[in-house]
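Open the model in a viewer and keep the selection tool ready. The stops below go from one selection to the next.

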Amino acid sequence: MSDSSSRRNFFRGAFQSAARAALRPDPEPEEPPEEVVAPLLSEAEIERYSRQLVLPDWTEEAQIRLRDASVLVVGAGALAAPVALYLAGAGVGRIGLVDDDVVEISNLHRQPLHFTPDLGVPKVESAAAKLRFLNPDVIIEPYQVRLDATNALGLVEGQDLVIDCSDSFETRYAVNRACCDAGVDLIEGGAVGWSGLVMTILPRATACYRCAFPVEPEDAQSCAEAGILGPAAGVLGTLQALEALKLLSSTQPPLLDAFLSVDLVSLEFTHVSVHRRGDCSDCAG
Amino acid sequence: MTWVRTKLALERLAVGETLEVTVPAGEAETNVPRSAREAGHTVTVDGTHIRIVRA
């Protein structure tokens, strides 16, 4: 079994705790046996998540893996909106949001976590409020900071997964480097104009973002320059959320050693193979 | 919801173990045996009483 496939099949959270507990010496006879089994889903959880639990491969264990997961979403804008909404709705236990911006009126056509009364409010606070309404069982942690090379590692360490919904190559490279250094799985995403891409990365096991894009493209444009429609960002963010749920639940394999290139004019989805680079400054060595 | 609860109960059993379910009359009478068979389990039905052997 390859490193990547074995990593896809691992159990997280409570299951790891159970495995560790199983290795401990037997307790003294007079002590009650230690409870090592993760709490099963409550009736309220079964009802809330029933439409995903009914999927043949979406087991109670898969749902508990989601409940035990910590995910950091970088950005609280157009890509982050579907990502955070679908992850909170699905029952991911802890979601961190990183963004230093406040809500502006030009955001509202493509960022459905923010509404007109939120103008001037920090995006992470605006988003957190909506997500808490959606699912009060999820812990939302807003960080009103701009992620950069100086703070990325501290934000990423300890997470089970990072989903990069930022809008600059500088931030993407900082996130990629931090995830490689910390060994935290990463789902990259981007959308501009009528196109976008999604790439899932298991650091040091599969190709990373820097392997795919060693240097920033010279002709890279921002959404402010090239424009974007709300549904275009919505499609790419939704694909990121889907990859995240596959990875966190261990129910289906994500797309690895490749990125998905999405052309929203022709509606073509293309897998572009990427291989780890021996000279990659982020993940080699 | 009856099938979801039945599915979760089956997940907690070992292969070959049996789950006996009494479902409310109505849709669940049809849905639960059909979904259980589609999942590969062995199913016998006696009215609203359904016996499922986990595959």
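**Salt bridges in chain A**

Start by selecting A:D282 and A:R177, whose side chains form a salt bridge with the closest N and O atoms 3.8 Å apart. This pair links distant parts of the chain: A:D282 is in the segment after β8 of chain A and A:R177 is in helix α9 of chain A, 105 residues apart. The model is a predicted one. A:D282 counts as buried because its relative accessibility is 3%, under the 20% limit. A:R177, at 38% relative accessibility, counts as partly exposed.

A:R204 has a positive phi of about 65 degrees, although it is not a glycine. With a relative accessible area of 33%, A:R204 is partly exposed.

Next, select A:E188 and A:R172, which meet in a salt bridge of 3.9 Å, N to O. Here A:E188 belongs to strand β5 (residues 185-192) and A:R172 to helix α9 (residues 169-182) of chain A, 16 residues apart. Are these two residues buried or exposed? Both A:E188 and A:R172 are buried.

Then select A:R277 and A:D279, a salt bridge whose closest N and O atoms are 3.5 Å apart. A:R277 is partly exposed at 34% relative accessibility, whereas A:D279 is exposed, with a relative accessible area of 59%. Over all chains, the count comes to 15 salt bridges.

**A loop residue and a surface patch**

Move to A:S250, in the loop between α12 (230-249) and β7 of chain A. Its phi is near 60 degrees, a positive value in a residue other than glycine.

Select A:W194, A:L229 and A:V265 to see a nonpolar surface patch of about 340 Å². Of these, A:V265 lies in the loop between β7 (258-263) and β8 (268-273) of chain A. A:V265 is exposed, with a relative accessible area of 61%.

**The second largest pocket**

The last stop has a volume of about 290 Å³. To find this pocket, select its lining residues, among them A:V54, A:P56, A:T59, B:W3, B:K7 and B:R54. Which helix gives the most to the lining? That is α1(B), with 4 residues. In chain B, α1 (2-11) and α2 (27-38) each supply at least two lining residues. Colour the lining by class to see 5 nonpolar, 3 polar and 4 charged residues.

Conventions
Residues numbered from 1 in each chain as written. Chains lettered and ligands numbered in written order. Predicted model: local features only at pLDDT ≥ 70, side-chain atom pairs only at ≥ 80, totals over all residues. Heavy atoms only, no water. 1 Å grid on protein atoms, 1.4 Å probe; cavity = no way out; pocket = protein on both sides within 12 Å on 5 of 7 lines; lining within 4 Å. Points joined across faces, edges and corners; volume = space filled by probe spheres on them. Nonpolar A, V, L, I, M, F, W, Y, C, P; charged D, E, K, R; others polar. Patch = residues over 30% accessible without salt bridge, like charges linked within 9 Å, V, L, I, M, F, W, Y side chains within 5 Å. Areas by Shrake-Rupley, 256 points an atom, 1.4 Å probe, with all protein chains shown as cover. Salt bridge = Lys/Arg side-chain N within 4 Å of Asp/Glu carboxyl O. Buried < 20%, exposed > 50% of the residue type's maximum accessible area, 1.4 Å probe, protein only.
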